[in-house]
Amino acid sequence: MKILLGLLGLSFLVFFHELGHFLIARAMGVTVEAFSIGMGPVLLHHKWGATDYRISLIPIGGYCSMKGEKDYQNALETKQKEIRGDKDSFYGVHPFKRLLIAFAGPFFNVLFAFIAFSVIAMMGYTYTTAGNKVIMVTDTEEYKDSPSPAAEAGMKSGDIIVSIDGEEVNDFTEIKQLITLNGGKTVRAKVLRDGEYLEIDVPVGLDKSTGAGFMGITWDKDSIIKKEYGPYSFFPALGQGAVQAAKTTGIVVQSVGVLFKGIDLSSAVSGPIRTTVMIGEGISSGFDEGTKIGIMNALEFLAIISISLFLTNLLPIPVLDGGLILFALIECITRKKMNPKLLYYIQIVGLVIIGALLALAIVVDMSYFIKKISGS
């Protein structure tokens, strides 16, 4: 059931991505020959105007087939020096229009995240956290033998963390979020101790099994509090949606940087199989707590994955949207169409890169599940 939910969730994000290509292609005057929900053999279809709308057998994602997508292959086979196409075809329109069509897919991933976070803001929720008074793990019975960079830097139990690197924090959840993203860095923590403000430079540790940063602190058990997020009315909720989408994008970008710090990829990186399982688990566990929590958990999880798809698709690799955007941008600047043979060689390199990344992701997934099954 969890895998099915994961497939449906991931499928919806791919479908929404393709919907972006479809709508902007139509707006730019490019004929869309087929638009399908799902992949593989066509089960149902209906031609409306120039587009054949389809429901296909495999309920994963979908596709947007535009007129002239084969013009590149034809130009390559006939050894043309440029790709020619009809005025209503993908390669026949101005390169700036191609750029917009290519960008529309990733943009719709961000748009979905914005909508999802806005809906969550309108629904509102209550969450439990702790205040910003902290305890050194070395002063606890359970974690007294654990490392504590904060204690070594001069922080003490009972200190109230006011800000980290100039960013104000109001509770332990906010403290944890900032620490997690700064593994391997030194941060400046402003603390309140006995009525005095102190600034302490703390070298944040890096957990190489997860990629998360740690300071060796925990919350004060006497400061547990409940907080309300929303509900917001329509326009303030849109503002919250924009803020959360931008914040999440920044977090995902920072998380990618952690991969280059020598962490354990089998624990910290997720391939397509593990991502599907994670989506399914995130959605199903939310609904175990109630319909409202389930909806919000599903929306939040899908929003985060959607932003990851946005950033991935913008990579300047030829087989991704980012490659099409780059080529269209080059043509806009040079005012010359790129040689099909050059595009072919670049795409071969792109396919090799994507293939290697996919192989790595699958190996990482298999390693993760083998470890999980063996209990190690």
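**Legends to the close-up views**

**View 1. Arg 335 is found in the loop between H10 and helix H11 (340-374).** The model is predicted, so local features need pLDDT of at least 70 and side-chain atom pairs count only at pLDDT 80 or more, whereas totals for chains, interfaces and linings use all residues. Residues are numbered from 1 along each chain as its sequence is written, and side-chain values use heavy atoms, with hydrogens and water left out. Helices (H or I, at least four residues) and strands (E, at least two) are DSSP runs, numbered from the N terminus. Arg 335 is not a glycine, yet its phi is positive, at about 60 degrees. With a relative accessible area of 78%, Arg 335 is exposed; exposed means over 50% relative accessible area, buried under 20%, and partly exposed in between (1.4 Å probe, protein chains only).

**View 2. Lys 79 lies in the loop between helix H2 (71-77) and H3.** The phi of Lys 79 is near 60 degrees, a positive value in a residue other than glycine. Lys 79 has a relative accessible area of 72% and is exposed. Most residues other than glycine have a negative phi, and most peptide bonds are trans.

**View 3. The peptide bond that joins Gly 230 and Pro 231 is cis.** Its omega is about -5 degrees. Pro 231 is placed in the loop between strand S12 (224-229) and helix H6 (234-258).

**View 4. Helix H3 (residues 95-123) contains Arg 98.** Arg 98 counts as buried, at 6% relative accessibility. A polar contact of 2.8 Å links the side chain of Arg 98 to the side chain of Glu 331. A polar contact is a pair of N or O atoms within 3.5 Å; within protein, one must be able to donate a hydrogen and the other to accept it, and residues adjacent in sequence count only if both atoms are side-chain atoms. Leaving aside residues up to four places away in sequence, Arg 98 touches Phe 90, Tyr 91, Val 93, Ala 328 and Glu 331, where contact means heavy atoms within 4.5 Å.

**View 5. H3 packs with helix H10 (residues 321-334) at an angle of about 160 degrees, with the axes 8 Å apart.** Axes are lines fitted to C-alpha atoms, for helices over the stretch in contact, and angles run from 0 to 180 degrees between N-to-C directions. H3 and H10 are therefore roughly antiparallel to each other; this class takes angles over 145 degrees, against under 35 for roughly parallel, 65 to 115 for roughly perpendicular, and the rest for oblique. From H3, the residues in contact include Pro 95, Phe 96, Arg 98 and Leu 99; those from H10 include Leu 324, Ala 328 and Glu 331.

**View 6. An open sheet is formed by four strands in the order S6-S5-S7-S8, with antiparallel pairing.** Strand S6 (167-168) and strand S8 (196-203) are at the edges with a single partner strand each, so one side of each has no neighbour in the sheet. Two strands pair if DSSP finds at least two bridges between them. Strand S7 (residues 186-193) and S8 pair in the antiparallel sense over eight bridges, and Arg 193 stands opposite Glu 196 in S8. Helix H5 (residues 172-180) lies across strand S5 (160-164) and S6, at about 45 degrees to S5.
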